[in-house]
Amino acid sequence: MNVANLQLEGLLMAVASINHVLVRKGVLTSEEIDIALRKAEASETGEERSNGMSASSRDAVNFPIRLLELANQCQPEADMPSFSKLARMVGQMKEPYNDQM
């Protein structure tokens, strides 16, 4: 596996863990994090950003956002699922784009 991929896995799990701490400490709610992630995904799938981008490229851009959305749905007091489990869940929840190429 590419070392950069491993670094991204670590970064995503670190951000997910930080999000859980923020919720547990009452700094943010999981709903506020969810809204922020949905806004990020919407800006990345918007017409301007994704114009001419293949579906697989859009999936690649949105993968980290969707993984963090799933991690955010876990209860803050529960153990965080592994990266591989979250990645599998992202693949299972993926919906086709309206303009599949």
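Modeller: Happy to! Buried means under 20% relative accessible area, exposed over 50%, and partly exposed in between (1.4 Å probe, protein chains only). Asn62 has 0% relative accessibility, so this residue counts as buried. Asn62 lies in helix α4, where helices (H or I, at least four residues) and strands (E, at least two) are DSSP runs numbered from the N terminus. The C-alpha atoms of Asn62 and Glu41 are separated by 6.3 Å, although the two are 21 residues apart along the chain.

A word on the source: this is a predicted model, in which local features need pLDDT of at least 70 and side-chain atom pairs count only at pLDDT 80 or more, while totals for chains, interfaces and linings use all residues. Residues are numbered from 1 along each chain as its sequence is written, and side-chain values use heavy atoms, leaving out hydrogens and water.

Now the pairing. Helix α4 (residues 55–73) packs against helix α5 (residues 83–93) at an angle of about 110 degrees, their axes 9 Å apart. That makes α4 roughly perpendicular to α5 (65 to 115 degrees). Axes are lines fitted to C-alpha atoms, for helices over the stretch in contact, and angles run from 0 to 180 degrees between N-to-C directions.

With contact meaning heavy atoms within 4.5 Å, Phe63, Arg66, Leu67, Leu70 and Ala71 of α4 meet Phe83, Leu86, Ala87, Met89, Val90 and Met93 of α5.

On α5, Phe83, Leu86 and Val90 are buried. Seen down the axis of α5, its buried residues fall within an arc of 65 degrees (taken from the directions from the helix axis to the C-beta atoms), so they line one face of the helix. Their cover includes α1 (3–24) and α4.

Terms used:
Angles under 35 degrees count as roughly parallel, over 145 as roughly antiparallel, 65 to 115 as roughly perpendicular and the rest as oblique.
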